[in-house]
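Thanks for coming. I have one chain to go through today, and I will keep to what can be read from the coordinates. Please have the structure open while I talk.

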Amino acid sequence: MVDLTVVILTKNEEKNLRKCIESFRGIASRFVIVDSFSTDETEKLCSELNQELQKIGSSLDFYQNKWVDYATQLNWGLTQTNITTQWSMRMDADEELLEELALEIDQNLPKLSEDINGVVLRRRVYFMGRWIKHGGRYPELLLRIFKTGKAMCEQKIMDEHMILSEGKTIQFKNDLMDNNTKDLEWWTNKHNWYSNREVLDHQLTMEKAFESNNSLESGQSTKQAKGKRIVKNKGYYRVPKFFRAHLYFIYRYYIRLGFLDGPEGKIFHFLQAYWYRFLVDAKMYECEKYDKKMKQVEDLKA
């Protein structure tokens with residue numbers, strides 16, 4: 001068993017949480033659940049999982065904390081839940097480790113040299129049960145494992161990444177998977193919620209509200225995350241509204257071969273690369289036309 005605490009944020013995750021926890025196959029010594037007052041059976045499930053984990057020498061601790069934004073909630077979980085393990089890990093409830101990655105973490109994490117403070121993982125996304133391999137969506141490189149106290153989530157409204165304060169990173173070769181089993185109605189509601197966050201984040205960026213705390217550019221994350229941020233802020237947003245949604249979909253679906261992902265890929269790339277980006281532009285246009293600012297986004301209600 002690895003000296004590792006896994007921090008997971010939840011809100012109504014009874015459908016996803018068990019498969020997330022079980023994908024670790026008993027290698028993590030502790031799980032911390034930070035719940036934003038779920039209305040489903042998430043708390044009851046956590047109690048059951050804790051009893052099961054204790055039989056193999058692990059544990060699960062359940063906390064509830066009022067949602068402000070993702071970064072605030074995650075950083076609260078990393079600093080206010082008495083984490084004493086050498087390593088900490090960020091996971092989402094709809095993510096799972098492949099068996100090969102669980103084995104790689106179990107075997108290699110304790111052997112890393114002292115100057116390694118962070119581990120970058122590869123993520124694959126599943127949509128309607130199909131692995132989305134094309135359209136520039138694989139692999140996503142994410143800093144997810146870090147020595148306790150050596151990384152925090154950057155304080156952004158959208159696209160927040162883990163930032164390493166010091167030390168080096170290493171990349172593991174096996175994948176974790178994003179495999180949410182909720183339906184398409186939930187997915188579109190979630191992305192409508194994301195679009196409000198995206199507009200607010202853009203408004204704050206334009207106002208240079210975070211100019212003094214632009215940590216992704218100054219701290220250590222992944223080169224892929226930094227590259228995407230530069231392309232988005234200094235490239236994509238300089239293209240006229242609405243037209244850029246067309247271009248982005250063409251790039252994802254045709255140039256990056258998204259059409260090879262089948263019917264599920266057609267739905268995913270259209271909704272995520274075109275519908276979502278068009279929705280963001282429409283809300284930006286509305287805010288500009290009526291001179292209003294997007295309100296602070298509450299947690300997802302579903």
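Predicted model: local features only at pLDDT ≥ 70, side-chain atom pairs only at ≥ 80, totals over all residues.

Gln-203 sits in helix H5, which covers residues 184–206. Is Gln-203 buried or exposed? Its relative accessibility is 15%, and because the cut-off for buried is under 20%, Gln-203 counts as buried. Leaving aside residues up to four places away in sequence, Gln-203 touches Cys-287, Lys-292, Lys-293 and Met-294. Take Lys-293 from that list: Gln-203 and Lys-293 are 90 residues apart along the chain, and their C-alpha atoms are separated by 7.6 Å.

Staying on helix H5, look at Asp-201. Asp-201 is buried too, with a relative accessible area of 7%. Its contacts, again without residues up to four places away in sequence, are Lys-156, Ile-157 and Met-158.

Now the helix packing. How do H5 and H9 cross? Their axes come within 9 Å, at an angle of roughly 45 degrees. That angle makes H5 oblique to H9, and the crossing is right-handed. On the H5 side, the residues that meet H9 include Leu-184, Trp-187, His-191, Tyr-194, Val-199 and His-202. Gln-203, where I started, is also one of the H5 residues in this contact. On the H9 side, the partners include Phe-268, Leu-271, Trp-275, Tyr-276, Val-280 and Cys-287. By residue class, the contact of H5 with H9 divides into 12 nonpolar, 8 polar and 3 charged.

H9 has another partner to show, helix H8. H8 runs over residues 243–255 and H9 over residues 262–289; their axes come within 9 Å and cross at roughly 160 degrees. H8 and H9 are therefore roughly antiparallel to each other. The handedness of the H8 and H9 crossing is right-handed. From H8, the contact uses Arg-244, Ala-245, His-246, Tyr-248, Phe-249, Arg-252 and Tyr-253. From H9, the residues include Gly-265, His-269, Phe-270, Ala-273, Tyr-274 and Asp-281. Here the division is 10 nonpolar, 4 polar and 5 charged. If you want places where H9 faces both neighbours, Phe-268 of H9 is among the residues in contact with H8, and Phe-268 is also among those that meet H5. Met-284 of H9 is likewise in the contact with H8 and in the contact with H5.

Next, the domains. Which stretches does the domain assignment give? Domain 1 is 2–180 and domain 2 is 184–290. Their C-alpha centres lie 24 Å apart. The contact between them takes 35 residues from domain 1 and 40 residues from domain 2.

From there, go to Asp-94. Asp-94 is in the loop between strand S4, residues 87–92, and strand S5, residues 95–97. Although it is in a loop, Asp-94 counts as buried, with a relative accessibility of 7%. What does Asp-94 touch, apart from residues up to four places away in sequence? The answer is Asn-16, Lys-19, Met-177, Asp-178, Asn-179, Asn-180 and Lys-190. As for distance, Asp-94 and Ile-8 are 86 residues apart in sequence and 9.7 Å apart in space, C-alpha to C-alpha.

Last, some backbone geometry. The peptide bond from Tyr-138 to Pro-139 is cis, with omega near -10 degrees. Pro-139 is placed in the loop between strand S7, residues 130–132, and strand S8, residues 140–147.

There are also non-glycine residues with positive phi to mention. Asn-82 is one of them, with phi of about 55 degrees. Asn-82 lies in the loop between helix H3, residues 70–79, and S4, and at 60% relative accessibility Asn-82 counts as exposed. Asp-159 also has a positive phi of about 55 degrees without being a glycine. Its loop runs between strand S9, residues 151–153, and strand S10, residues 162–164. Asp-159 is partly exposed, with a relative accessible area of 33%.

That is the end of my list. I am happy to take questions.

Note on methods:
Residues numbered from 1 in each chain as written. Heavy atoms only, no water. Helix = DSSP H or I, 4+ residues; strand = E, 2+ residues; numbered from the N terminus. Buried < 20%, exposed > 50% of the residue type's maximum accessible area, 1.4 Å probe, protein only. Contact = heavy atoms within 4.5 Å. Axes fitted to C-alpha atoms, helices over the stretch in contact; angles between N-to-C directions. Parallel < 35°, antiparallel > 145°, perpendicular 65-115°, else oblique. Left-handed = near helix turned anticlockwise from the far one by under 90°. Nonpolar A, V, L, I, M, F, W, Y, C, P; charged D, E, K, R; others polar. Domains from an automatic or database assignment.
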